[in-house]
Every structure is written in C-alpha cells, then in structure tokens.
Amino acid sequence: MTDISTELNKFMRGLRKRNPYETEFQQAVEEVVQSVLPITLDHREYRDAGILERMTEPDRIIIFRVTWEDDEGNFRANRAWRVQFNHAIGPYKGGLRFHPSVDQSILKFLGFEQTFKNSLTGLPMGGAKGGSNFNPKGRSDNEVMRFCHSLMSEMHRHIGEQVDIPAGDIGVGDREISYLFGQYMRLENRWAGVLTGKGCAFGGSAVRTEATGYGAVYFCEEMLNEAGEKLKGKRLAISGSGNVALYAAQKAMQEGARVVTLSDSDGTAFITDGLTEDQWEFVRELKEERRGRIAEFAEKFDAVEFKEGEKPWGVECDIAMPCATQNELELEHARELHKNGAIAVCEGANMPTTPEASAFFRDGKVLFAPGKAVNAGGVAVSGLERSQNAMNLSWSREKVDEKLCGIMKEIHGKCVEEGRTDGGEIDYVNGANIAGFKKVADALLGYGAV
Ligand code: NDP
C-alpha cells in the first residue's frame, strides 16, 4: 500500500523545483493533488500516462510587452501573459486580469483552477487565464482604451473562437472587453465570438454580468438545503464590491438573506440592518459607473459604518462569501467566523481562503465550498454566450438564468457524488477536484502522448 503523504511530498518537491517562487501556483496544485492522488495511485493507467505531471504543466505561456501612451504623452510599458493551460476538453477559456499584483504565478494558478472549473460545468471548455500588471485604477478611459488596444494588437494572433476565448476578471469589465473586442475586429476584419462578457448590443449574453454572483448564491442554496438549512433569513458577510460581490449580494437579497458587509481594498462597510435595494443600487452605480471607493457608501448612509483596513470576517454572520481576491481569508479569520457562529463558507473568488483556513473549515467545523465550484456560473454563462454566438441567436434572460441555475445544481450534485466521505459528510473540495479531474484525465488518456 503506497503512503499518500509520501507520494504527495515527492510530487510537490518536483513541482516546487520546476516552478520556483510561484507560491500561488504551488498552493493551487497541492490542494488538487491532495484530492486526486488516491485515484491516480489506484489507477495504474493514470500513473503510466503521467496524467498528474501533464495536468500541472501548462500547454504554453505567451509573454509579451504592452506599450501604450498615457494622457501626458509619456510611453509606458507593462508585461502581459496568456497562460493556455489545458485544452483537452475544449478551446481555452478563462478571464483576463488587470491588477498590479498580476504575475506568472497568479496566472498559472488561475489557469490551472480554470481547467477543473470548466470541466465541472459540463461544457466543452479548456482552461486558460491571462492579464497584465497594468493598474487601471486612476487611469482615464482613454488611457485604458490605448492599453487595451495595444494588448490586443499582440494577443489577437493567439486567440480565436475555436482556439482561445478570453473574458473578464479583476479590473476587466464591460469597458475593457469592449475596447479589446473593437481592436480584435479592426485587426482581423471580421466579427467573431472571440471574447465573452461582451455588451448585449454586440453579441453578449443576457445574465453574463450577473452570472458569477448569481451562480454562487444558487450553489450556496443547494449546499444549505443538502445540510437541512436554508438561505432565507441568514446573515451573509461578503467581501469585495466588484462584479462577483455585487451580484451575489443582489441575488442573496432576492432570496431573503441579509447582506451585512461589502468591502474593497481600503476597508469594509458594515451594514448591521442588512443591505437595502436602494443601497445596493447606490453601490452598483458607485462601483460600475463612477469607479468610486466603498468608504463613500458609508458616508452616504447613516446605518452603514466604514472601518478602514478591516476585513469583513469579524462580523457576526451565518455565511461568509469571500468575493475579492486570493488568500484574503486567513486562519485567524476562520477561527473568528466559527466563534461567531458561521455555518458555511462559499468562495465567490478564486482561492480566497488560505490552506490553513480551509483545513480548519474542512475539519468538520464549517461547511466549505471551493471557488472552482461556487464561482463556475460565470464561465458557464460565457460558454452559453459562445453557443449563442455560434448559432447567431440570443436567448432571453429567463432562459439563460434557468440554464445557469440548472448548471449550478448539477455542479453541486457532482461535488456531493464525488465528495461524500465514509462518515456520510460531504467534502466539497475533494468533490470538486475529483469530478473536474476525471473528465480531463480521461480525455488526455485517450489522446496518447500529447
Ligand atoms: P472586480 O475587479 O470586479 O472586483 C474585485 C473586488 O475585489 C473589488 O472590490 C476590489 O477592491 C477587491 N480586491 C481586488 N484585489 C484586492 C486585494 N488585493 N485586496 C483587497 N481587495 C481586493 O473583480 P471580480 O468581481 O470580477 O472578481 C473577484 C474574484 O472573483 C476574483 O478572484 C476573480 O478571479 C473571481 N472570479 C470572477 C469571475 C467573473 O466573472 N468576474 C468569474 C469567476 C471568478 P478594489 O477596487 O479596492 O481593488
């Protein structure tokens, strides 16, 4: 009988050596390998075919310079990447992130996670991620436009509707996707569904803007129902106030939950009585249209208190939904949430929980669902946008929302099926990793040595 922890250590030693300093990538791989190693040890064909080694090595990484001109006439240069991680089950698909913290490790972790997430949706999509260390904050629309046009001038040769279909992520929303798409059409002289998250006027899908947040709440409801609980009446602590956070908050409110926090990188707004519809609309306009700070939300409403530099996790709540960025919820926060009575954590962001905090939750203390399952609704509706583009059709809001809800239920079902422990509990991390892994692994097995 092979000792799993010895094998895991051996595998991770090699991976760390091949990918030095890439700590986020190492973290993401270790979590998945922990879940799937028992399967690969049980199945000789996976081992003989080097499936784990192949799935942890990106197909390719494209690195390029993006030169652009600021409003003062200075030339600036940023670095950009497209990590095409794995296209065993479909064309590469995954977002673009613009944030000063972006580096190769972060994009490799995101591309790796995306491969499993896309597999979980049941749609034919491979995994990729890209972006740049460009900081859009404080930049004018014209500066962002020049940056996006310059980035696409290089990226257009590496993407295509059957090759690689990027979308948005942190710092890349409607405005950036429109600039990128416009430049793609100018360069290629044809309309193609080569990006998702497009405006509905030019090939975008209904509900794509809302999809990640809505999907996260649909998943959360399934998880609570499975545990004999319900979302209605629960207090929800949400971090972030961007795309995922905003629409998770909206759907949670529609389902009768009370949203008690929103945040940004400056601090947290505490809303003791729960977010109202008017307040939600204020934050949406503040963030989506004026690109303002969450502190302004607290200045406007007496019942909202802003605490600079604080995270939401000290608040009394039933459910935590981290929707900002990686590693934002640490062990001390996990302990505090548990002490304050939280029963569930649903990751809206990608890998927002540190390994120590995640181990604490998974130790049976708090229901815990990983981002690759919870936030898969975004890419699922991107997949539906791709289908609509291919058919030259545009589905109604109701139809897309119904499909999204169905997909999230199916993902939840797969997590339950693969994640049930001998004791009858559900380990959602193992469930998501194993279900996502099997499909990609079997495709790779069939292809032989590619
Ligand atoms: P947005 O750019 O719309 O919003 C990000 C939010 O998180 C902002 O409130 C931002 O605050 C905050 N944030 C970002 N970085 C940090 C940081 N280092 N520290 C503290 N706060 C931070 O991004 P999205 O909502 O699109 O993405 C959020 C998360 O969800 C990411 O992990 C992303 O990968 C994941 N995701 C997104 C999907 C989508 O469809 N958009 C799909 C699946 C996953 P500030 O403005 O101050 O920076």
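Author: Let me start with a cut-off: buried means a relative accessible area under 20%, exposed means over 50%, and partly exposed is in between, using a 1.4 Å probe and protein chains only. This is a predicted model, in which local features need pLDDT of at least 70 and side-chain atom pairs count only at pLDDT 80 or more, while totals for chains, interfaces and linings use all residues. Residues are numbered from 1 along each chain as its sequence is written, and side-chain values use heavy atoms, with hydrogens and water left out.

Reader: Why is phenylalanine 361 called buried?

Author: Its relative accessible area is 0%, and the limit is under 20%, so phenylalanine 361 counts as buried.

Reader: What makes the buried residues of α13 line one face of the helix?

Author: Helix α13 spans residues 355-365, and its buried residues include Ala357, Ser358, Phe360 and Phe361. Looking down the axis of α13, these residues fall within an arc of 155°, so they line one face. The arc is taken from the directions from the helix axis to the C-beta atoms. The helix itself is a DSSP run (H or I, at least four residues; strands are E, at least two), numbered from the N terminus. On the face turned away from the buried side sit Asp363 and Gly364, both exposed.

Reader: What covers the buried residues of α13?

Author: The cover includes α12 (331-339), β11 (344-346) and β12 (367-369); contact here means heavy atoms within 4.5 Å.

Reader: How do you know how many disulfides there are?

Author: A disulfide is a covalent bond between the sulfur atoms of two cysteines. The rule used here asks for a pair of cysteine sulfur atoms within 2.5 Å, and by this rule the count is zero. Take cysteine 317: the nearest cysteine sulfur, in cysteine 220, is 11 Å away, and cysteine 317 is in no disulfide. Cysteine 415 is another case, since its closest cysteine sulfur, in cysteine 346, is 11 Å off, too far for a bond. Cysteine 317 has a relative accessible area of 1% and is buried, and cysteine 415, at 0%, counts as buried too.

Reader: What makes a set of residues a nonpolar core?

Author: The members are buried Ala, Val, Leu, Ile, Met, Phe, Trp, Tyr and Cys residues, joined through side-chain atoms within 4.5 Å. The largest core here has 65 residues, and Phe219, Ile238, Leu275, Phe297, Met321 and Ile411 touch the most other members. Helix α8 (residues 208-226) gives the largest share of this core, nine residues. At least three residues come from each of domain 1 (60-192) and domain 2 (211-365); those bounds come from an automatic or database domain assignment. Apart from this core lies another, of 36 residues, among them Met12, Val36, Phe85 and Phe112.

Reader: Which residues is isoleucine 238 in contact with?

Author: Leaving aside neighbours within four places in sequence, the contacts of isoleucine 238 include Ala245, Ala248, Val259, Leu262, Pro312, Met321 and Cys323.

Reader: Why is the pair of phenylalanine 25 and phenylalanine 112 called what it is?

Author: A pair of aromatic rings is described by the distance of the centres and the angle of the planes. Rings of Phe, Tyr and Trp (its six-membered ring) pair if their centres lie within 6.5 Å; planes under 30 degrees apart are stacked, over 60 edge-to-face, and the rest tilted. This rule gives 20 aromatic pairs. For phenylalanine 25 and phenylalanine 112, the centres are 6.1 Å apart and the planes at 90°, so the pair is edge-to-face. Phenylalanine 25 is in helix α2 (residues 23-42) and phenylalanine 112 in helix α5 (residues 104-120), so the pair ties together parts 87 residues apart in sequence. Both phenylalanines are buried.

Phenylalanine 361 and phenylalanine 368 make a stacked pair, at 5.6 Å centre to centre with 25° between the planes. Phenylalanine 368 counts as buried at 5% relative accessibility. Ring pairs also link Phe25, Phe85, Phe112 and Phe116 into a cluster.

Reader: What makes the phi of valine 207 worth a look?

Author: Most residues other than glycine have a negative phi, and most peptide bonds are trans. Valine 207 is not a glycine, yet its phi is positive, about 70°. Valine 207 sits in the loop between α7 (174-188) and α8 and is buried at 3% relative accessibility. Asparagine 327 also has a positive phi, about 55°, and lies in the loop between β10 (319-322) and α12. Its relative accessible area is 24%, so asparagine 327 is partly exposed.
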